[in-house]
Amino acid sequence: MQVILLKEVRGRGGEGDVIEVSRGFANNYLLRQGYAVKATPGNLKQLEERRKNIEKREEVRVADAQALVEKLDGATVKVDVQVGDEGQLFGSVTAPMIADAIKAELGIEIDRRRIELGKPIKDTGVFPIDINVYRAIKATVNVRVGEEAAAEEAAAEEAADAIEAAVEATEGVEAAAEEAVAEETAE
C-alpha cells in the first residue's frame, strides 16, 4: 500500500515522501497516528502543490540542524558517577544522563533517543558519542566520565599528604627550637 508521509517516520522517510508499506502497518499505525495519508490521485495532486512549502520547511530544519551541530561538535561534557577503586563505575552511563549533562553544561536540550551509545560506558575516561541531530546529520560530543570525582579524590589525597608533611615539618622545627632553647639555658 502506498502512503504519503505527513511527518518524519524514523527509518521510513520524511514529510512528503511517498513510500510503500504493508497494509497493516499503514492502517494500524501510520494512518491512525496521523503520520500518513493514503496515496490517492487527489492526495498526490495536493502533495505536488505543497511540495515547495515542504522543501522550505526541510531547508529550515537542515539549517537548524547544522547550527546545532556547530554548537555540539567537539564539545566536552562531564558526567559524574560513583567510581570504584579500580576506575570501574557502579552501574553505567546512560543516554538520559548524557542528555542531562548536555542540557546543564551547554544549555541545549537533546532527546535521549538521538544519542547513539552503542555499548554502555562502564569505565572512567573520555568517550566520543555520536548524536543523530537530523536524519543523516550527526554531531560528536566527548563525554568525560567520573574523572572529576577521581581528580577530587586525588587532590584530597595530595592535600592530606601536604598537611601531614607540613605537620611533620612543624614538629621538626619545634623540636629543633626546643633543643636550641635547652642548649642556651644550659650554657
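Trainee: What does Asp111 count as, at 33% relative accessibility?

Mentor: Asp111 counts as partly exposed at 33%. Buried means under 20% relative accessible area, exposed over 50%, and partly exposed in between, with a 1.4 Å probe and protein chains only. This is a predicted model, in which local features need pLDDT of at least 70 and side-chain atom pairs count only at pLDDT 80 or more, while totals for chains, interfaces and linings use all residues. Residues are numbered from 1 along each chain as its sequence is written, and side-chain values use heavy atoms, with hydrogens and water left out.

Trainee: Which residue meets Asp111 in a salt bridge?

Mentor: A salt bridge is a side-chain nitrogen of Lys or Arg within 4 Å of a carboxyl oxygen of Asp or Glu. The partner of Asp111 is Arg113, at 3.0 Å from N to O. Arg113 is exposed, at 53% relative accessibility. Elsewhere, salt bridges that share partners join Glu15, Arg50, Arg57, Glu58, Arg61 and Arg135 into one network.

Trainee: How many salt bridges does a search of the whole structure find?

Mentor: The search finds nine.

Trainee: Why can residues three places apart in a helix point the same way?

Mentor: An α-helix has 3.6 residues a turn, so residues three or four places apart point the same way. Helices here are DSSP runs of H or I, at least four residues, and strands are runs of E, at least two, numbered from the N terminus. In helix H2 (residues 41-72), Glu48 and Arg51 are three residues apart, about one helical turn. They form a salt bridge with the closest N and O atoms 3.8 Å apart. Glu48 is exposed at 54%, whereas Arg51 is partly exposed at 26%. Glu58 and Arg61 also lie three residues apart in H2, and their side chains meet in a salt bridge at 3.8 Å, N to O.
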